Amino acid sequence: MKIKNVGALFCKQAKDCAKNPPFLLLFFIYPTVALVLIQAMKGQPGISEVFVSMFAVMHSVFTPIVAAASFIAEEREKNTLRVLIMSNVTLKEYLVSVGGFILLANLLTGSSFIFFGNHAVSDSLFILAMGGCSLISVILGSCIGLFSKNAAAANGLAVPIGILFAFLPMLANFNRKIETVAGFTYGQQLGRLLAGKEITFCGFIVIAANLAILVIASAFLYKRSLSEE
Amino acid sequence: MDSICIKQLSKSFGSKNVLNNISLSVPEGELFGLLGPSGAGKTTLIKILTGQLSFSGFAEILGRKCSELDDTIFSKIGIVTDNSGLYERLSCYDNLLLFARLHNVKKGMIFDILRRVGLENTKISAGKLSKGMRQRLILARALLHHPQILFLDEPTSGLDPATANDIHSLLLELKKEGTTIFLTTHNMVEAHKLCDHVALLNEGEIVEYGVPDELCRKYNEENNVTILAKDGRTVRLPNSPEQAEKIAGFFMGDNVAAIHSSEPNLENVFLKLTGKELDR
């Protein structure tokens with residue numbers, strides 16, 4: 001893997017993202033909504049902890065899924081990925097640069113949650129947990145991007161999948177059955193961690209299983225895309 | 001030395017034969033034209049030569065088999081196709097900056113190349129460019145790293161005559177500089193004007209190959225002279241010494257409004273060989 005290629009693509013992603021307001025908004029929507037709600041309900045005990053952990057999970061799950069899927073599918077649809085590959089860029093370098101950019105952007109905007117109010121875990125664990133969750137979401141988003149033929153199809157898949165994974169932990173607070181189902185997703189395990197609850201051994205297994213399934217799926221889709229491009 | 005060498009190349013998609021037993025070679029520094037109607041297999045051949053499609057037979061560019069192209073070859077070729085994507089939100093400069101970094105080209109070259117293709121406004125985003133300007137930008141991107149071979153898939157298709165003419169001039173300049181150019185087109189005038197050799201491709205087979213002028217002469221069977229007389233008559237006479245007196249008679253009688261010899265062209269050659277007209 002050539003670092004020079006990854007760096008060039010990373011810079012391109014940053015410029016492209018900066019000139020794409022709807023895409024840029026994606027990285028700010030959850031921190032903004034959380035800030036507004038926390039300010040609106042200021043004075044109520046424990047409210048900032050609930051909102052910070054809830055929106056931090058949504059931000060770490062939803063945003064990278066939609067961003068990665070949309071970025072990759074657009075690149076495939078517009079044929080720019082093929083042009084890159086014919087300019088000595090490997091698919092691996094491309095995916096690392098896209099994933100790296102989204103991960104960094106998501107962590108930078110997500111770290112604002114730390115300043116919004118109290119949270120149950122230390123700052124470093126908060127960032128680490130968000131980073132791990134964002135990484136899994138980037139892999140899931142990449143799978144959707146590699147699977148889809150165009151950006152519209154990718155968004156059509158990424159948004160409901162993102163909502164499913166991001167909102168299950170929130171809905172789990174209100175319904176036991178949903179909590180049981182949500183327990184099998186990495187988002188719910190992250191939510192537990194950010195809410196100050198301990199992750200059980202089963203929780204680790206769930207995260208590892210989620211990661212393993214997505215890595216296998218992405219490897220399969222990577223090979224398929226490689227032959228297509 | 002041949003930059004491109006193809007021997008008995010075939011390609012099929014399912015049961016449909018797209019290219020059938022094609023053989024041709026393009027020497028270094030030549031501007032070669034592959035002519036044929038839409039669906040003849042021109043783009044498929046470019047895709048094969050640039051390593052994007054598998055095939056049966058033999059094909060190599062710059063001495064490397066097309067099934068085994070790698071970084072070293074990709075850095076020596078430039079490709080312009082109608083579906084070469086651009087980053088719509090990025091400026092012309094930023095579009096080229098990415099590829100300059102990938103190809104280790106100095107940033108200063110970007111302005112030079114943009115000026116060369118006639119794109120002075122480097123800050124305009126690619127999404128706001130007209131079709132002609134987009135094509136110039138794609139061409140600039142393909143030329144940025146000084147490729148030894150340039151593949152052009154219908155580069156002037158749908159462009160206004162002035163832009164097409166500018167691109168023609170640029171291609172002739174590049175040829176002078178020693179770049180091998182593989183051009184596909186269905187524009188016979190363009191091919192005649194630019195190409196050293198042409199191959200006529202029809203339904204996946206090369207039906208004729210040669211120098212444009214020679215092909216035209218070879219298939220110019222009509223060879224007539226048409227005289228539009230001042231008295232309103234149109235007279236068509238064979239262009240032969242036997243008819244010289246008759247033709248001279250029109251001149252001596254001051255009865256010639258216009259006179260035309262039948263000019264052979266590649267369009268007629270193609271029509272003669274395939275019974276088909278090319279798309280316009």
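**Domains, a sheet, a helix and an interface**

Chain B is divided into domain 1 (2-211) and domain 2 (221-262), with bounds that come from an automatic or database domain assignment. The centres of domain 1 and domain 2 of chain B, taken over C-alpha atoms, are separated by 44 Å. This is a predicted model, in which local features need pLDDT of at least 70 and side-chain atom pairs count only at pLDDT 80 or more, while totals for chains, interfaces and linings use all residues. Residues are numbered from 1 along each chain as its sequence is written, chains are lettered from A in the order in which they are written, and side-chain values use heavy atoms, with hydrogens and water left out.

Chain B holds an open sheet of three strands in the order β12-β11-β13, with antiparallel pairing. Its edge strands, β12 (234-238) and β13 (256-261) of chain B, each pair on one side only. Helices (H or I, at least four residues) and strands (E, at least two) are DSSP runs, numbered from the N terminus, and two strands pair if DSSP finds at least two bridges between them. Strand β11 (residues 224-229) of chain B is joined to β12(B) by five bridges, and the two run antiparallel.

The next element is helix α10 (residues 266-274) of chain B, where Leu266(B), Glu267(B), Val269(B), Phe270(B) and Thr274(B) are buried. Buried means under 20% relative accessible area, exposed over 50%, and partly exposed in between (1.4 Å probe, protein chains only). Seen down the axis of α10(B), these buried residues fall within an arc of 160°, so they line one face of the helix; the arc is that of the directions from the helix axis to the C-beta atoms. Among the elements that cover them are β9 (197-202), β10 (205-210) and α8 (212-218) of chain B. After α10(B) comes Gly275(B), whose phi is positive, near 75°.

Val207(B) lies in strand β10 of chain B. At 31% relative accessibility, Val207(B) counts as partly exposed. Leaving aside neighbours within four places in sequence, Val207(B) is in contact (heavy atoms within 4.5 Å) with Leu200(B), Asn202(B), Leu273(B) and Thr274(B).

Finally, the two chains meet in a contact that takes 24 residues from chain A and 24 residues from chain B. Between them, chain A and chain B bury about 2300 Å², 54% of it on carbon and sulfur atoms. Buried area is the accessible area (1.4 Å probe) that two parts lose on being put together, summed over both.
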